[in-house]
Every structure is written in C-alpha cells, then in structure tokens.
Amino acid sequence: MAFTKKTLNDTIQALAKQNKIYSNESQFQFDLAWELRGKGFQVELEALSVSQAAAKQLSKEERKKAYTDIIVKDGDGYIAIELKYKTPETKDIMCYDINGVKTYLFSQGAENLGSYLYWKDIERLEMLVNGMIPLNFDADKKVIKGYAVLLTNDKKYWDNKKHRNLPSSLAREFYLIDGRAVNGRLCYYVGVNSNGARVKGGWGATRQDKIDTEEKAHKYYPKDKEAKEHYPIEIKDNYTCDWKTYLNKLTCKLLNGKLEPKGDEFRYLILEINKLQGQTP
C-alpha cells in the first residue's frame with residue numbers, strides 16, 4: 001500500500017469528520033498517527049533526523065528540533081511528516097463546544113514565527129529526502145518523500161486580507177498566503193536607522209536591510225537564540241500554498257463569554273517534499 005498525498009489528505013479529512021479539534025499539537029500528532037495505523041501503516045513518532053556528529057553539538061533545546069514528528073514505513077523506504085498546529089492571538093482562552101464536547105485552545109499568534117518554522121521544517125525535510133541527513137542515525141533508512149502539515153484556525157496564515165502591511169512586513173518572504181508560490185532563499189528583513197542599528201519592530205526605521213546571511217542575523221540579534229530564529233532558509237524545490245477546509249461555520253467563545261470571530265474556521269496546508277532531480281542519497 002503506497003503512501004501518497006491523497007493518503008495524508010484523506011486521513012486529515014477523517015479527523016475532520018470526527019469533529020476533532022485539539023488543545024495542542026501533540027494531540028493532533030497522536031490522532032493522525034493513530035488514524036494512519038488504522039489504515040495499516042507502520043508508524044513511528046519522534047524519529048531522530050540528524051547526524052551523530054551534529055547531535056553532539058546541539059544544545060538541549062536544539063535537540064528538540066532534531067526529531068521528525070511522524071515516520072511512516074512505505075515499502076523499502078520511509079515517509080517523513082512534520083506537523084504544526086497554530087491558533088490566533090486572543091485576549092482569553094478559546095472554547096469550542098461541538099455536540100457537548102468542549103475543547104479549549106490557548107492564544108498563540110506570532111504568525112511570522114509560525115510561518116518561519118513551517119519553512120524550516122521544509123528545509124530539513126528536503127535534506128532528509130535528498131539523503132543529506134540520516135534517519136535515526138541509520139544511513140540505510142531512506143526517506144523517499146516528506147510532508148509538511150499546518151492545521152490552524154488563524155486566518156492570518158492563509159488570508160492576505162488579514163495582512164495590512166504585507167509588502168513592508170519584516171517577515172513577508174515567509175507568509176503562507178493561499179495561492180502563493182515559493183522557491184529559493186527566504187529571508188527576514190530588519191528595520192535600521194541612519195546609523196545602521198536595528199530599530200525594534202521596524203517602526204521609525206529609515207530603511208530595511210535583508211538578513212541574507214547568518215552573520216547578519218548575529219549582527220542584528222546579539223542573543224544566539226534570536227539570531228538563529230532569523231537565519232535565512234534555503235528552499236530548493238518549488239511549492240504553492242493550497243489551503244483546504246478542515247472545519248468551518250464554528251462558534252468560538254472566549255472564557256469571558258464573548259464570541260471570537262477569528263476562530264470560526266479551521267484550514268490545513270500540506271506541502272509535499274520530493275527528491276530533487278540529480279540528487280543521490
């Protein structure tokens with residue numbers, strides 16, 4: 001039984017038919033893996049996706065990012081799946097009541113960082129699929145295809161009408177707007193003043209500088225963690241954001257009793273990562 005994008009799409013739609021809404025990403029990961037197992041696939045959670053040499057250099061925090069969420073056995077190879085689950089920024093905890101089952105979601109927002117991390121997943125999946133990093137320290141385990149999945153009720157991820165300042169946004173190259181085609185190096189921008197110093201938030205800056213090298217990221221963000229969150233991302237293949245409806249016409253309430261119009265719909269994005277032509281594992 002071959003694993004395809006349709007397999008993954010149908011599995012997510014099966015969760016939608018069960019009215020599944022999640023409080024966190026781990027719940028989504030578990031249910032998706034459970035559904036795939038029910039279809040007869042051999043599934044592994046949190047598989048290491050880094051070389052032994054690189055693993056020794058990683059901090060405890062960085063090692064958390066060296067795991068792939070779901071690995072599916074497919075014939076003689078493996079399918080790698082990365083998941084993201086994001087919610088909008090709200091002033092209170094969100095609540096959905098579907099057929100008497102209540103689910104609570106915490107506010108997140110930060111769509112710029114969420115979009116950046118999604119492309120970071122794709123960058124790493126491209127490396128896995130093209131044999132540049134091993135799976136579970138085992139070079140004989142070949143990842144033949146990858147999928148990056150984002151499930152969200154935050155319309156800022158897919159609707160360009162929600163981005164008033166998109167052309168000048170410091171994170172404009174990372175946004176996942178429906179229909180957007182993406183390829184190449186993706187970079188943050190930074191607002192700077194006449195002296196060349198970073199202006200926090202970009203407000204009042206005289207110009208913008210493109211953070212197109214890791215060195216520039218460290219120049220503008222002295223803290224190592226912040227700098228790494230602004231590294232450019234190399235996307236080798238071509239991708240188009242094609243969002244699908246998960247659940248809609250929902251009623252989202254906050255714990256203070258107010259309706260929350262931001263959360264009336266969930267959508268998901270699946271991008272497929274294939275082996276690049278001319279690449280050999």
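**Entry 1**

I am working on a predicted model, in which local features need pLDDT of at least 70, side-chain atom pairs count only at pLDDT 80 or more, and totals for chains, interfaces and linings use all residues. Residues are numbered from 1 along each chain as its sequence is written, and side-chain values use heavy atoms, with hydrogens and water left out. I took helices (H or I, at least four residues) and strands (E, at least two) as DSSP runs, numbered from the N terminus, and I counted two strands as paired if DSSP finds at least two bridges between them.

For β6 as an element, I noted 7 bridges to β13 (residues 266-273), with the two strands running antiparallel, and 9 bridges to β3 (residues 77-86) in the parallel sense. I then looked up its burial, where buried means under 20% relative accessible area, exposed over 50%, and partly exposed in between (1.4 Å probe, protein chains only). Of the 10 residues of β6 (residues 143-152), 8 are buried, so the strand is largely enclosed by the rest of the structure.

**Entry 2: the sheet around β6**

I traced the sheet next and found 6 strands in an open arrangement, in the order β1-β2-β3-β6-β13-β11, with mixed pairing. The edges are taken by β1 and β11 (243-247), each of which has a single partner strand, so one side of each is left without a neighbour in the sheet. On average, neighbouring strands here are turned by 30° against each other, direction ignored; for such angles, axes are lines fitted to C-alpha atoms, for helices over the stretch in contact, and angles run from 0 to 180 degrees between N-to-C directions.

Helix α1 (residues 5-17) touches β3, β6, β11 and β13, and its direction makes about 165° with that of β13. Helix α5 (residues 111-129) packs on the sheet as well, touching β2, β3, β6 and β13, with its direction at about 170° to that of β6.

**Entry 3: β2 and its neighbours**

I followed β2 (residues 67-74), a mostly covered strand with 6 of its 8 residues buried. It is joined to β1 (residues 43-48) by 5 bridges, and the two run antiparallel; within this pair I noted L45 with its bridge partner I70 and L48 standing opposite Y67. On the β3 side the pairing is antiparallel over 5 bridges, and the bridge partner of I71 is A80. The β2 and β3 hairpin has 2 residues between the strands, and there G75 takes a positive phi near 65°.

**Entry 4: helix α5 by itself**

For 19 residues the span should be 27 Å, and the end C-alpha atoms are 27 Å apart, which agrees. The helix is mostly covered, with 14 of its 19 residues buried, and G131, which follows it, has a positive phi near 70°.

**Entry 5: W158**

I located W158 in the loop between β6 and β7 (181-186). Is W158 buried or exposed? At 5% relative accessibility, it counts as buried. Leaving out residues up to four places away in sequence, I listed what W158 touches, namely T152, N153, L176, I177, D178, W243, E265 and R267.

**Entry 6: cysteines**

I looked for disulfides, defined as pairs of cysteine sulfur atoms within 2.5 Å, and the count comes to 0. For C95, the closest cysteine sulfur is that of C252, at 7.8 Å, too far for a bond. By relative accessibility C95 is buried at 13%, and C252 is buried at 3%.

**Entry 7: the protein overall**

For 281 residues a compact globule would have a value near 19 Å, and the protein has 20 Å, which agrees. Taken along the principal axes, its C-alpha atoms fill a box of roughly 60 × 55 × 35 Å.

Methods:
Contact = heavy atoms within 4.5 Å. Expected span 1.5 Å × (residues − 1). Rg over C-alpha atoms; globule rule 2.2 N^0.38 Å.
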